[in-house]
Amino acid sequence: MRGGLSKTLALVGAAGLLAVSACGNSDDGGGSGDAAASKDVTVFTWWADGGEKAGLDGMVSVFNTECKDYKFVNSAVAGGAGSNAKQVLANDLQAGKPPSTFQAHAGAELRDYINAGQVDDVSGLYKEFGLDKAFPQNLIDNLTVDGKIYSIPANVHRANVVWANPTVLKKASLDGTKAPASIDAWIADLTKLKAAGVTAPLAISKGFAQEMLVEAVLLAELGPDKFIGLWDGKTDWAGGDVTAALNKYKTLLTFTNSDREAIDWPDALGYVNSGKAGYTLMGDWVAAQQLADKVPDTAYTYWPSPGTAGNFQYLADSFTLPTNGQNPEGAKCWLKVTGSADGQKAFNTKKGSIPARSDANPADYPKYQQVAMADWKKDKIVPSCAHGAACTLGQNNDILSAISQFSGSPDVAKLQSALGAAMKTS
Ligand code: GAL
């Protein structure tokens, strides 16, 4: 765990760090308001439903016990990966109406908020709450930007996971417990499923889900070191290996549902659970959704996306202290809970993620997280662009728009040059 986190954040680079994300919708102004407002702690996330809300509720239950002077106010804006929330947050921050705290991603994404002067230094809270001892020192070192730390991590999620329905796979005599060894092997299995009558065997949704599939194919085809180089400038986006990988992504898209631009990730997961599709690629918030929907463990399998075994593609959610946010003292109580052993356990046991702290007991967690904790310790750690570890918000927006264009009209050369151009911006 300790080694994993430090490896992770080392990849992001000493200047990279925790990120921030969506914000609230309160009408209250800045830090000091009337008596009622001063009790309110507006917490801005995109965890509005299902397993994500269950995770948030876990954190809130600890907040309600530990922060009795304050009142939790839910400012969640629905939409996977903050697809709607991030814009709302940007508007609120721009309008000078920050919430008390907002959800953030570790990594490059945080720099946007730091550079815009929208988040406060919380280094002092690390000492006050004992987080300097709870988190691995290397993590703290890597979270430090010019001597300061700007958010408190709640978890670590894994992005490169495929979730499968073994009953569907049996239709083509495929073993649902084993990952295909490569993207080519996966395409061969998808072809067999299609021939067996599963018309759209790979369920996918709009925006960031397609971006995650692009990343998974690039990771499998280029390997972890060249993959990391795509984000830190050391790998040429114009290379023939990238072209070949994007062509495989194009082929994969031909096995997906035609309504992919109209649905979000829980719908794609629903296609797998209902037997309409065999697979979906999605981060391990899926484990939380399955738990919330009471889908039995026996009804689905999961493995690292084909060709990426031994690599843990990470992202981490964290919470920030917005500059001139509402009720900063109440927000600090939320941040204390975020970093605490009880808060991380209540949150992560329900959220599908693993704790960022180094003192968690795997036995307290569901089976999926036990597997993830073990992999986190031994795997090679690589960052996610779709979830802010490797890319800024601006880069990510450009990438999302190129991928969405490709979904409507697949042109590999155009996609490849748009991705390269996106990573040249800041
Ligand atoms: C990510 C976030 C996860 C989960 C996911 C799907 O960006 O870090 O915690 O919420 O989006 O909405």
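Reader: Where do the domain bounds come from?
Author: Domain bounds come from an automatic or database domain assignment. For this chain, that assignment gives domain 1 (14-155 + 317-378) and domain 2 (161-307 + 392-425).

Reader: What kind of model is this?
Author: This is a predicted model, in which local features need pLDDT of at least 70, side-chain atom pairs count only at pLDDT 80 or more, and totals for chains, interfaces and linings use all residues. Residues are numbered from 1 along each chain as its sequence is written, and side-chain values use heavy atoms, with hydrogens and water left out.

Reader: How far apart are the C-alpha centres of the two domains?
Author: The C-alpha centres of domain 1 and domain 2 are 28 Å apart.

Reader: And how many residues are in contact there?
Author: In domain 1, 19 residues are in contact (heavy atoms within 4.5 Å) with 17 residues of domain 2.

Reader: Turning to the ligand, which residues come nearest?
Author: E52, H105, D317, K351 and H387 come nearest, out of 13 residues around the ligand, where a residue counts as near if one of its heavy atoms lies within 4 Å.

Reader: What is the distance for K351?
Author: An N or O atom in the K351 side chain is 2.7 Å from an oxygen atom of the ligand.

Reader: And for W47?
Author: A polar side-chain atom of W47 lies 2.8 Å from a ligand oxygen atom.

Methods. Polar contact = N/O pair within 3.5 Å; in protein donor to acceptor, adjacent residues only side chain to side chain.
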